[in-house]
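Dear colleague,

I am passing on the structure below, and I would be glad if you could look it over with the notes that follow it.

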Amino acid sequence: MLRPFIMNTDMPLLSRRRGLLNIELLVAAAVLGMAISLLLPGMQAASRVRQARQFEVLARVELNNLRSAAEAAATPQLSAWFLTRYPDAELSISAVPGSELWPAGAGVRLSISRPETDRGRAAPVSLVFWPVSGGRSGATP
Amino acid sequence: MMRRRLFPGRADRRRGGLFPIVLIQILITGMLLTVGGLCLHTALRSDRQERQSGLLLRTLTRLEHQLRADERESGAVTAASVSEMSFANLSAERGTATWRTDRGFVERIEGDLSSPNSRENYVFPAGYSVEFVSEPGVVVVRIREGSPLVKYREAGSGGLARNAVVVPAAEAFQGGAVGRMIEIRLRGGDGGEQ
């Protein structure tokens, strides 16, 4: 049982080894470095997805707030709480013409986007509503 | 020399390593352990943030959805105080929906308070607080984030732990310890007191 630990010059090299060779430590460092280089981009991507999802949910909350303001005949403007979180956010208002599918008349499209950070990561969040009929409205990413 | 005199029959074989080599080994091992530890810490922190963010977004989505539904059905909300508001005239059988908040814990009670038809809870992550603020024509549901300088109980939720503060922010940092907020604006009724 204790044979491998007894110093004996007749035994083969492997059974007399103690500790690590420097080269083994360096190999371990290289393997760890590779693992980290794979892990870090994955974690950064997860963080970006989380932030994009949070932006989408908060933008929907803000769009619903703005919709109430627009229906009360006030000019919609991004709130201070939203601009504190996303100073680069921009609100755009456009008219949606009536169509055969929805003949109730012209609707209003509110969109919040982040031009500086969008670049394929966070799509603008939009809300379309018809203030005249006041009935149906929908949020579209 | 001394060794040969003490152990005359034994060969003078070296054991162990040279001091610089041992130092290099210690250095490399230390670097490996440090980088591994940092990596583990980052992964655990990311996991915690993911859980908190998920809880916040789920709860916020549910809360807003129900608030807007009540607003559509009732037409207006009345805030009696910063911790209570109500939607009257929901429907004949449902009566009134009363919302109450206690820090990060929000409760919706439908029907008569003494014998409610249903109760629904909304639990925000630890550190969050919700209040109902009455402004002219609107009632604002204000959801405040916890301070970044305060460590909250990990178990986390406004429900059980009631968002109790474990380590309060130092006095000097109180000014910078104000968290961000989220606002849900609802059409107000006759207006309550703030």
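How many residues of chain B are in contact with chain A? Before the answer, a word on conventions: this is a predicted model, in which local features need pLDDT of at least 70 and side-chain atom pairs count only at pLDDT 80 or more, while totals for chains, interfaces and linings use all residues. Residues are numbered from 1 along each chain as its sequence is written, and chains are lettered from A and ligands numbered from 1 in the order in which they are written.

The answer is that 27 residues of chain B are in contact with 25 residues of chain A, contact being counted when the C-beta atoms of two residues, placed from the backbone, lie within 7 Å. On the side of chain B that touches chain A, the elements giving two or more residues are α2 (19–74) and β10 (181–187) of chain B, and α2(B) gives the most, with 20 residues. Helices (H or I, at least four residues) and strands (E, at least two) are DSSP runs, numbered from the N terminus.

β10(B) also belongs to an open sheet of 3 strands, in the order β6-β7-β10 (chain B) with antiparallel pairing, where two strands pair if DSSP finds at least two bridges between them. Because β6 (129–135) and β10 of chain B stand at the edges, each with a single partner strand, one side of each is left without a neighbour in the sheet. Within this sheet, β7 (residues 138–144) of chain B and β10(B) pair in the antiparallel sense over 7 bridges, and B:Ile143 stands opposite B:Ile182 in β10(B). Leaving aside neighbours within four places in sequence, B:Ile143 is in contact with B:Phe124, B:Tyr128, B:Val130, B:Met181 and B:Ile182.

Elsewhere in chain B, β1 (residues 77–81) and β2 (residues 84–87) form a hairpin with 2 residues between them, and B:Ala79 stands opposite B:Met85 in β2(B). B:Met85 in turn stands opposite B:Trp99 in β3(B).

With best wishes
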